[in-house]
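Visitor: I want to learn how to read salt bridges and pockets in a protein model. Please take me through them one feature at a time.

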Amino acid sequence: MSKFPAILTDEKIKDSNKDFRNALFSLEKKFIDKDNYAHLTRIYSATKQLDIRNKILRLLYDFAFPELKDFFDSAYKKERYLDMKIYALRGLSQFISEKEIEKLLIKFNLTLLKRQETTPYNYQEYELLRGQNSLPYLVQKYHYNCFKGTLNQVNEQYNAMPDAFKGHFTIDENGEGVSLRSPEESSKMIKDFFNKQ
């Protein structure tokens, strides 16, 4: 008997349905297999909800079912947020060569560089990219220079920010946020920074 939630197999259910969302956000990877993962790729393709797409990428990025190669490839192209691009790349890296990854990261690094100009205090995105499930994981698993180079660039851009934007939260190996300061303390530090400008 499969423990995969039946509600996630229902193609007619709306992604705003509370039971659907509860089932998806409490789904554990151990209940995903080659017979049911396609329900998740279908939901991903059909939804505009960022949190749902993010959750599905994180649920699937360690699976290497051959059919997922195209899914991760199109997710990488589709996503605009850099952390979600890296989650798609984490899945895609199981199927493509270091040379192909390097080509993708050249363009990624240029976008990352632009972020520093357009949103100089984008600490949330940097923390997501520095998360234990993101670039550090890829560096540790593959030891590719292109991953190391991208992580170094993220760290340099992060370190270039004022201290008021650093150390508010981190991301664990499961992709979950871990607060390092209280919301009040974070808010005060950032507010104080802008008041001094």
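Predicted model: local features only at pLDDT ≥ 70, side-chain atom pairs only at ≥ 80, totals over all residues.

Visitor: Which side chain meets Asp62 in a salt bridge?

Guide: Lys29 does, at 2.9 Å from N to O. Lys29 sits in the loop between helix H1 (18–25) and helix H2 (37–46), and Asp62 in the loop between helix H3 (50–60) and helix H4 (68–78), so the contact ties together parts that are 33 residues apart in sequence. The rule is a side-chain nitrogen of Lys or Arg within 4 Å of a carboxyl oxygen of Asp or Glu. Helices (H or I, at least four residues) and strands (E, at least two) are DSSP runs numbered from the N terminus. Lys29 is partly exposed too, with a relative accessible area of 31%.

Visitor: What network do Lys29 and Asp62 belong to?

Guide: A network of salt bridges that links Lys29, Asp62 and Arg90.

Visitor: How many salt bridges are there by this rule?

Guide: The count is 13. One of them joins Glu176 to Arg58, with the closest N and O atoms 3.3 Å apart. This pair links distant parts of the chain, 118 residues apart: Glu176 is in the loop between strand E1 (169–171) and strand E2 (177–179), and Arg58 is in helix H3. Glu176 is partly exposed at 39%, whereas Arg58 is buried at 13%.

Visitor: Which partner does Arg115 have?

Guide: Glu125, with the closest N and O atoms 2.8 Å apart. Arg115 belongs to helix H6 (98–118) and Glu125 to helix H7 (123–129), 10 residues apart. Arg115 is buried at 18%, and Glu125 is buried at 6%.

Visitor: Now pockets. What is the volume of the largest pocket?

Guide: About 200 Å³. A pocket is an open set of points on a 1 Å grid over the protein atoms alone, where a 1.4 Å probe fits, with protein on both sides within 12 Å along at least five of seven lines; lining residues have an atom within 4 Å of a point. Points are joined across faces, edges and corners, and the volume is the space filled by probe spheres set on them.

Visitor: Which element gives the largest share of its lining?

Guide: H6, with 6 residues. The lining includes Lys103, Phe108 and Arg115. It divides into 3 nonpolar, 1 polar and 6 charged residues. Here Ala, Val, Leu, Ile, Met, Phe, Trp, Tyr, Cys and Pro count as nonpolar, Asp, Glu, Lys and Arg as charged, and the others, Gly among them, as polar. Domain 1 (1–96) and domain 2 (101–196) each supply at least three lining residues; the bounds come from an automatic or database assignment.

Visitor: What lines the second largest pocket?

Guide: Its lining includes Lys29, Arg58, Asp62, Arg90 and Glu176. Its volume is about 160 Å³. H3 gives the largest share, 3 residues. By class, there are 3 nonpolar, 1 polar and 7 charged residues. Again, domain 1 and domain 2 each contribute at least three.

Terms used:
Residues numbered from 1 in each chain as written. Heavy atoms only, no water. Buried < 20%, exposed > 50% of the residue type's maximum accessible area, 1.4 Å probe, protein only.
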